[in-house]
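Subject: Structure handed over, with notes on salt bridges and a sheet

Dear colleague,

Here is the structure I promised to pass on to you.

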Amino acid sequence: PDTLTDGEFQASILPAIDVVETENTIEVSAEVPGVKEDDLDVSLHGEVLTLKGEKSADHEEKAENYHHVERRYGSFRRRIPLGFAPDDDAVEAHFSDGILKLRIQKPASVRAGIRKIDITKS
């Protein structure tokens, strides 16, 4: 069917998120199909990245004896702890084809503070 149940609609507004950490960056991809760029809000508060957005779905059926319209609206908020506060110019965001991609550069102090721990067999 072309219409979504309430449960399917609720699940469809919660974006799937992938987070990949490299030595120098954290890269976040969020699938937000049906959400317009103007309806997305990306913010940083200290060490927490927040993704917010709104999504709406309309469904209309017309027939000879009836006219049926459904409108569903929903919003989402996802918070991602980064473990560091990025520098002001260290975040790039791109949105295309329902995919939001963020690349967050780690501060030099965080990169310098990583040290490898050797594991030995007992």
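I begin with glutamate 27, which is partly exposed, with a relative accessible area of 26%; please keep in mind throughout that this is a predicted model. Its partner is arginine 103, and the two form a salt bridge in which the closest N and O atoms are 2.9 Å apart. Because arginine 103 lies in strand E7 and glutamate 27 in strand E2, the pair ties together parts that are 76 residues apart in sequence. Arginine 103 is likewise partly exposed, its relative accessible area being 37%.

The two residues also face each other in the sheet, for glutamate 27 stands opposite arginine 103 in E7. The strands that carry them, E2 (residues 25–31) and E7 (residues 99–105), pair in the antiparallel sense over seven bridges. They belong to an open sheet of four strands, which runs in the order E1-E2-E7-E6 with antiparallel pairing. Strand E1 (16–21) and strand E6 (91–96) stand at the edges, and each has a single partner strand, so one side of each is left without a neighbour in the sheet. From one strand to the next, the twist averages 10°.

Side chains of opposite charge can pair when their charged atoms come close, and in this model the count comes to three salt bridges. Besides the pair described above, there is one between glutamate 21 and lysine 106, whose closest N and O atoms are 2.6 Å apart. Glutamate 21 lies in strand E1, whereas lysine 106 sits in the loop between E7 and helix H2 (108–112), so this pair ties together parts that are 85 residues apart in sequence.

The salt bridge still to be described joins the side chains of lysine 52 and aspartate 41, at 3.6 Å from N to O. Here lysine 52 lies in strand E4 (residues 48–62) and aspartate 41 in strand E3 (residues 40–45), so the pair ties together parts that are 11 residues apart in sequence. Lysine 52 is partly exposed, with a relative accessible area of 29%, and aspartate 41 is partly exposed as well, with 36%.

Notes. Residues are numbered from 1 along each chain as its sequence is written. This is a predicted model: local features need pLDDT of at least 70, side-chain atom pairs count only at pLDDT 80 or more; totals for chains, interfaces and linings use all residues. Side-chain values use heavy atoms; hydrogens and water are left out. Two strands pair if DSSP finds at least two bridges between them. Axes are lines fitted to C-alpha atoms, for helices over the stretch in contact, and angles run from 0 to 180 degrees between N-to-C directions. A salt bridge is a side-chain nitrogen of Lys or Arg within 4 Å of a carboxyl oxygen of Asp or Glu. Buried means under 20% relative accessible area, exposed over 50%, partly exposed in between (1.4 Å probe, protein chains only).
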